[in-house]
Amino acid sequence: MRKPVLSVVLLWSLLLPLPAGATEGDTDANVEVIVVGGEKVISEGVVDHLQMCSNDLTQRIAGSNRYTTASSVAKLVDVSGGTAYVASGEQFPDALAAGAAANATGASLILVAKTFVPSSSLGTLDRIDPDRIVIVGGTAAIGSAVEDTLRARYGNVTRIAGPNRYVTAASISRDAYPGGSDAVIIATGSGYVDALASTPLAAQLEAPLLLTEPSRLPGAAAGELARLKPAEVFIIGGTAVADAAVEQAIAATVPGSTVTRLAGPNRYATARAIVDLLPQNPERVLAVTSTDFPDALAAGAVSGTNPLVLIDEVGLNAVSAGMIESATAIQCEPIVKLGSFTTYHAPGEPRVTNIHLIADDVDGAVVLPDQIFSINEHTGQRTEADGYVAAGAIIGGVIVCCDHPANIGGGTSQFATTLYNAIFYAALEDVYHRPHSIYFTRYPLGVEATLNWTSPDMKFRNDTTWPVTIDASYTSESITVDIWGADDGRTMSHTVTGSATTSAGGEV
């Protein structure tokens, strides 16, 4: 039986962008990028990508949980004494206004659990040694046990709370700005992204943050606006989160004020509109996930006038990449999907266990520019100790199961084929692969790869100038591999000639 032979033509059409890390101007950029949060919220691939957007001045700040992360982030600023706002790390509403107040007035934001103060949070309070502690929110958010702990340890403890988030935010404003303010920021209280993105603007304007409902300006917010008498009011977000009725109510409450809406078609564009009002020579950029709030709360409270950049589920969209490039003056490409492929299998078979294990192992692997990725080098030998089980494998041109060492990990070739197709359609360089000696109709004709230990292997080179990340996912009946990286303009086309059958092989 002859092995199917791959004979596929790849055609690349390359644009000629600036080399990664280069800029059109001659600049000595020293703006660092601080990634806040662990790999579960911002992948290592994003961090490696951002290194190239910052002259290797990207670092990650993360702890084992949201409280240790917040404590580590708090060390970015040297604060001693003053006010420490203590807010829930489990809910976002009360902490939004408190974080903005902390960032604008030189106070601190400490996150705690409902029933206890994490040891890392106590450590931050010990280091700061605040003159007073203000608990933000009622006992439904922060229980009396927390208040007792703080009072016994530090003494001067008060609580700011109202019947809802809007009253609490207004009360925080009165506490932080007893003499009024020239500017006020208003954001929705129904979500957290717009309010968090505005925390650097609060520092820039020395402005409190008030919360609104989507179609009604709450009485507490209106009353605080009237007390503050600002010359400017900034509404954060589009009409879906604060509609025309809210804008009209603001204008009626403070008729002499200029009302400006900062908004874009999505949260990332809104964040960009905010950043455009900040100083254009920041000390650093803080990159935070847009899909959860604790890390962004901690980062916003210490951001100063430095921008917060939102990292999405993929990693870095074009808007956020542009924000980082503007700050660092270094080329920063967005992260896009370069290639993707899915193969299918019957559920519940032993080989599915092996497919899932190898997918979990490879998922998130980062391949740096000019680096070769090898499945075998990355995973090592698939063994029973690692959880792999016996399943059918091709041995000597025949499918056998299951008393041969090669059967341990049988089925992982399906993952190799899926990865091979993903890099094939991403037009990345194929370093080595070998088709199966028997053709399986579940694989594309001619575009497939087998796998065994130690050979055959499946290898590819990242021949782009930016990192690429392998994203593997699965269901009970399928396996998918996506390849993420920077689009350098190449395109790929291919033709397949010949045929193959499961019984006689063939030439492809």
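**Close-up 1. The lining of the second largest pocket in this predicted model.** Strand β20 (468–474) gives the most to the lining of the second largest pocket, with 4 residues, and this strand is joined by α1 (44–52) and β21 (478–485), each of which also supplies at least two residues. The second largest pocket holds about 390 Å³ of space, and 25 residues line it, with S43, E313, V314, T469 and D471 lying nearest its centre. Sorted by class, this lining consists of 10 nonpolar, 9 polar and 6 charged residues.

**Close-up 2. The largest pocket and the residues around its centre.** About 650 Å³ of space lies in the largest pocket, whose lining is made up of 35 residues, and the closest of these to the pocket centre are A393, I394, A406, L451 and N452. The elements that contribute two or more residues to the lining of the largest pocket are the strand β16 (393–395) and the helix α16 (412–425). When the lining residues of the largest pocket are divided by class, 13 are nonpolar, 16 are polar and 6 are charged.

**Close-up 3. The largest cavity.** Searching the whole structure finds 6 cavities of 30 Å³ or more, and the largest cavity has a volume of about 80 Å³. Its lining is formed by R272, V275, D276, P279, Q280, P282, P307, M323, S326 and A327, and the elements giving two or more residues to this lining are α11 (267–275) and α13 (318–328). Helix α13 gives the most, with 3 residues, while the lining as a whole has 6 nonpolar, 2 polar and 2 charged residues.

**Close-up 4. The disulfide between C53 and C332.** In this disulfide the distance from S to S is 2.2 Å, and the torsion about the S-S bond is about 75 degrees, so the disulfide is right-handed. Because C53 lies in the loop between α1 and β2 (58–61) and C332 lies in the loop between α13 and β13 (336–344), the pair ties together parts that are 279 residues apart in sequence. Both C53 and C332 are buried.

**Close-up 5. The disulfide between C401 and C402.** The structure has 2 disulfides, and the one shown here joins C401 to C402 with an S to S distance of 1.1 Å. C401 counts as partly exposed because its relative accessibility is 49%, and C402 likewise counts as partly exposed, at 34% relative accessibility. With the bonded cysteines counted along the chain, the disulfides of the protein follow the pattern 1-2, 3-4.

How values were computed:
Residues numbered from 1 in each chain as written. Predicted model: local features only at pLDDT ≥ 70, side-chain atom pairs only at ≥ 80, totals over all residues. Heavy atoms only, no water. 1 Å grid on protein atoms, 1.4 Å probe; cavity = no way out; pocket = protein on both sides within 12 Å on 5 of 7 lines; lining within 4 Å. Points joined across faces, edges and corners; volume = space filled by probe spheres on them. Nonpolar A, V, L, I, M, F, W, Y, C, P; charged D, E, K, R; others polar. Disulfide = S-S within 2.5 Å. Buried < 20%, exposed > 50% of the residue type's maximum accessible area, 1.4 Å probe, protein only.
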